[in-house]
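Please work through the exercises below with the sequence and the structure at hand.

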Amino acid sequence: MNGVKDQSTSIKIVRYAITILACLVVLLPLMVVLFGAFKTNKELLTTNPLSLPSSFGFLDNFKKAWTQGNMARGFINTFIVVGISIMATVLTGTMTAYILDRFKFKGRKTVKFLFLLASLIPSITMQMSVFQIIVGLGIYNTRLSVILLFAGTDIISIYIFLQFLEGISYSLDEAAIVDGASFAQIFFKIIFPLLQPAIITVVIIKGVGFYNDFYTPFLYMKSKSLQVVSTALFAFKGPYGTQWEVICAGVIITMIPTLIIFLALQDQIYSGLTQGSVKG
Amino acid sequence: MIKHREKKEKSPLRQMEMERRITICAFLAIPLILLMIFTYIPMLKMVQYSTWRWDGFRDPKFIGIDNYKKLLSDPRYFTAFKTSGYYFVGSIAQIAVALYFAVIFSYKMRAKNFFKGVLFFPSLLNGVAIGFVFLYLFKGDGSLNALLIALGIPQEKLPLWLGNPKLVNWSLTFSSVWRYMGNNMIMFVGAIESIPGELFEASDIDGASKWQQFKHIIMPNIRTIISLNMILAVKGAISVYEAPLIITGGIGGSMTFVLQTLNTAFTDKKIGLASAMGVVLLLIVLLITVIQKRFIEGKEE
């Protein structure tokens, strides 16, 4: 009966085989795009898409995608929009969580409920009226439109901050009050720095989401000069329709920052997603 | 809080109460204003617009519930919901696959982190990039057909993955499962990891098989998160728009209700009708949420 814990070798082999197969299903579509990005136009049209490029040193497609495809500008705009939006959403999220955790007041439950209800509504279906508001505010076709749409907080970020706040002892607040500190000082000098691990989690989750968001910039930042990475890549669809090697290079360029973030922050990403899902 | 009350002089308690109120208002002002401007006001406006005939520019005309009548009487609008069925079936398969990998990753395994990372990675990728990856995979002279030919399938038998109306939604659903499976998997991995290790150790001593452990330890402990994922799958399936928008543009039978709503609003400029569609979708989603609450709370009792 000692064979139960250590499962038989054949079961293990099947398990590895299925896992490797699944990894191939994930990687194959990406590998062929990577191969395509290094092929010349003629090579792409004449060789099998599964074949390796004749040289991984051929970088013309990347240059073309980067300059003609407006990706350089796309990265600058993404950097500005995502950077400012992340700072804003971290501030709105931590401030809301701080108030909800440290203060008892009338309407506290209502505030929480409003954020919860908002998370249940698919915002994509309300874009016709959001559009009118953006136009009404005079910020259509500006970076500010997308920044403001991203700047608010949401219930998942609030939950992540709340969970962390529960672990920060109230005696710290009390000691500061005795020393004559105001609530704003307590928040900015004590609570905010202590929230750092939770802030990193929210920055990663939100940052990846903002970087990948396509429809918001597509709808509200129409000018070519305002294109972000997603919309610049989407614009490849028309002019490069027959130049798949350039599209492939653009796709790879888009994925590089994601790969770097993933490799560097794998564990934080996993734990962030798990935390976000527990209460959600 | 009580001690320092004596320290300050002029009615410190009242002063502190004032500061407390000011802090609450000041800190919540911006988050709540953003929430109102970009969620609740648009929601109310959408209901209002749904009673108008309006192109977004000229003066609107109040037409009561005509937009809703039009929606309900024209089957064209609701057939787009059928497409969601494919994505729903896909999500169920996705949850099953995610659960399988989450469970085997709870066992000892070589290169586990590498495998886990590979399977999870697509869920971090940009949707537009994924759209192109699958266009490149599915096109006539694309990699999938090249692979099938290499496996010995004759060229004339290869289907049009995106051009055949019977197949296009399965192809798009596959891209969606490919993209999001890892996300479910990581949530399940997290849930399994939070099960106390002693439970597994004790059952190992008792000689329980892996299947028994799955059935009696893992399943009961992650049932809530599985049902949550199921509900999210329903919501996700009726809210699909990105994959068809980027890959097919919604043509050839791949139109979804949300994409149709967006096209009605921004291509056809029928803001009133699009708003009515938005309201219908909103009601459906809220209904699902109510069922979800009942369902999950019922399970936990």
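This is a predicted model: local features need pLDDT of at least 70, side-chain atom pairs count only at pLDDT 80 or more; totals for chains, interfaces and linings use all residues.

Residues are numbered from 1 along each chain as its sequence is written, and chains are lettered from A and ligands numbered from 1 in the order in which they are written.

**Exercise 1.** Determine how many residues chain B and chain A bring to their contact, and describe the side of chain B.

*Solution.* Step 1: two residues are in contact if their C-beta atoms, placed from the backbone, lie within 7 Å. Chain B supplies 72 residues and chain A supplies 73 residues.
Step 1: on the side of chain B that touches chain A, helix 1 (residues 12-49) of chain B gives the most, with 19 residues. Helices are DSSP runs of H or I with at least four residues, numbered from the N terminus.
Step 2: this side of chain B divides into 48 nonpolar, 17 polar and 7 charged residues. Ala, Val, Leu, Ile, Met, Phe, Trp, Tyr, Cys and Pro count as nonpolar, Asp, Glu, Lys and Arg as charged, and the others, Gly among them, as polar.

**Exercise 2.** State the domains of chain A and describe how they touch.

*Solution.* Step 1: the assignment gives domain 1 (9-58) and domain 2 (63-279) of chain A; such bounds come from an automatic or database domain assignment.
Step 1: the C-alpha centres of these two domains of chain A lie 33 Å apart.
Step 2: in the contact, 8 residues of domain 1 of chain A meet 7 residues of domain 2 of chain A. Helix 1 of chain A gives the most to the domain 1 side, with 4 residues.

**Exercise 3.** Which residues touch the most other members of the largest nonpolar core?

*Solution.* Step 1: a nonpolar core is a set of buried Ala, Val, Leu, Ile, Met, Phe, Trp, Tyr and Cys residues joined through C-beta atoms within 7 Å. A residue is buried if 20 or more other C-beta atoms, placed from the backbone, lie within 10 Å of its own, exposed if 12 or fewer, and partly exposed in between.
Step 1: of the 122 residues in this core, they are B:Val133, B:Met185 and B:Phe188. Helix 7 (residues 168-193) of chain B gives the most to the core, with 13 residues.

**Exercise 4.** Is B:Thr256 buried or exposed?

*Solution.* Step 1: B:Thr256 lies in the loop between helix 10 (242-247) and helix 11 (257-266) of chain B.
Step 1: B:Thr256 is buried because 27 other C-beta atoms lie within 10 Å.

Note on methods. Helices (H or I, at least four residues) and strands (E, at least two) are DSSP runs, numbered from the N terminus.
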